[in-house]
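This report describes the surroundings of a ligand, then a pocket, and then a pair of aromatic rings. Please keep the structure in view while reading.

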Amino acid sequence: MRIFKQVPRILFGAGGLARLPELLPDGDGATVWVVDAVHRDAAVGARLPTAAGDRVYWFDAAKEPSTAQADALRDQTVADLPRTPRAVVGVGGGAAMDVAKALSVMLTNPGSSADYQGWDLVRRPGVFKVGAPTLSGSGAEASRTAVLTGRDRKFGVNSDYSMFDAVVLDPDLTVGVPPAQRFHSGMDCYIHCVESLAGTMINELARGYAARALELCERAFLADDPGDHREELMTASFMGGCSIVNSEVGICHALSYGLSLELGLRHGLANCVAFDVLDDYYGAAVERFRVMAARNGVAAPKGLPRGLSDEAVGRMVAMTLRMEKPLTNALGPDWRRLLPPERIVELYNRM
Ligand code: NAD
Ligand code: ZN
């Protein structure tokens, strides 16, 4: 039995972004905003409730975020500000939020963010941090992870210190998300729930979060009505993240990390590609995923890993095998025997 931390303060509701300053700690000093650059000339960018002296760093989320980007942002913040900022705010999808979490931790811990990829390696609390998701699904707003890609691995900085101190869940921030992105990010949440519910590390608390989040995802993606179900998906994303904090992901994520590392696939898309071949593990949920994909006109692309060199496939397999916790969650302590490298290659070949 472990002790789990949760995000202590939550502001939920349309228009919540305007009230974000109420969540900031007292005192003076600048707030550093890490904002997905997609919002730079858009409605969200124009509505940021910044104060005089704050810094806004526009984060290019065109690719999965890297340890190098997190380190560079720390260096820039240190160079730009006379002293440690009062707070860090991350506004964007999982990528921008994860970089904001990493920045907060790297402002108080020495070295490179790559040194902290793993479990509970962060020694000192980070700068106070607030997250405001503009995509629903990753659950990064609720999780204790900042997922970063380094030279040879994609891995999370997992610690209680890399969890937001407060979040703003403002469904209006997801207005206008392109349908394919909405689906891929939403399926990340769906898969988080399927994997935690099917896993061995689940407890009743995580089951409660995951079951409700799964229901909300299915309601949004199987709906006949044309609404975009913003509130439901934002709730599902947060609850899906809470379920993961109290359990673990599974085989899909272990395979998906290999796809992102080697092929540069975005996380949500990589999950969809991997989940589509996991009938043997998550049967009925994979069938429902296909129905949702068809209903939303988003097909998981096929054949992406084909044509890769043996070395590239070897790196993907090695990445998958590093995901010990998700694989233990999915298959139990005997996972190495149940999922040998040949089986992983076979699954990649089916994608
Ligand atoms: P994302 O942050 O990678 O963004 C995907 C794309 O959508 C980007 O081009 C981004 O600019 C754009 N975008 C963001 N908000 C938008 C908006 N409102 N309108 C239009 N476009 C918008 O996508 P994501 O699915 O939210 O997050 C995936 C990332 O999160 C991956 O890097 C993954 O590794 C990470 N992740 C983290 C956790 C965690 O617990 N920390 C969990 C799952 C995934
Ligand atoms: Zn995920």
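A residue is near a molecule if one of its heavy atoms lies within 4 Å of it. The model described here is predicted.

**Around ligand 1**

There are 27 residues around ligand 1, and G94, T134, S143, S185 and R266 come nearest. By class, the shell around ligand 1 holds 10 nonpolar, 11 polar and six charged residues.

| Residue | Part of the residue | Atom of ligand 1 | Distance |
|---|---|---|---|
| G94 | backbone N or O atom | oxygen | 2.8 Å |
| K154 | N or O atom in the side chain | oxygen | 3.0 Å |
| L173 | polar backbone atom | nitrogen | 3.4 Å |

How much of ligand 1 does the protein bury? Taken alone, ligand 1 exposes 860 Å², and the protein buries 90% of that area. Of the elements, α4 gives the most, with four residues.

**The second largest pocket**

The second largest pocket has a volume of about 200 Å³. Its lining is made up of D60, A62, K63, E64, S66, Q69, T149, S260, L261 and G264. Sorted by class, the residues of this lining divide into two nonpolar, five polar and three charged.

**Aromatic pairs**

The count of aromatic pairs in the model comes to six. One of them joins W119 and F155, whose ring centres are 5.6 Å apart. Where in the chain do W119 and F155 lie? W119 is in strand β5 (residues 118–119) and F155 is in strand β8 (residues 154–158). The two residues are 36 residues apart, and the pair links distant parts of the chain.

Notes: Residues are numbered from 1 along each chain as its sequence is written. Chains are lettered from A and ligands numbered from 1 in the order in which they are written. This is a predicted model: local features need pLDDT of at least 70, side-chain atom pairs count only at pLDDT 80 or more; totals for chains, interfaces and linings use all residues. Side-chain values use heavy atoms; hydrogens and water are left out. On a 1 Å grid over the protein atoms alone, a cavity is a set of points where a 1.4 Å probe fits but cannot get out, and a pocket is an open set with protein on both sides within 12 Å along at least five of seven lines; lining residues have an atom within 4 Å of a point. Grid points are joined across faces, edges and corners, and a volume is the space filled by probe spheres set on the points. Ala, Val, Leu, Ile, Met, Phe, Trp, Tyr, Cys and Pro count as nonpolar, Asp, Glu, Lys and Arg as charged, and the others, Gly among them, as polar. A polar contact is a pair of N or O atoms within 3.5 Å; within protein, one must be able to donate a hydrogen and the other to accept it, and residues adjacent in sequence count only if both atoms are side-chain atoms. Accessible areas come from the Shrake-Rupley method with a 1.4 Å probe; for residues, only the protein chains shown count as cover. Rings of Phe, Tyr and Trp (its six-membered ring) pair if their centres lie within 6.5 Å; planes under 30 degrees apart count as stacked, over 60 as edge-to-face and the rest as tilted.
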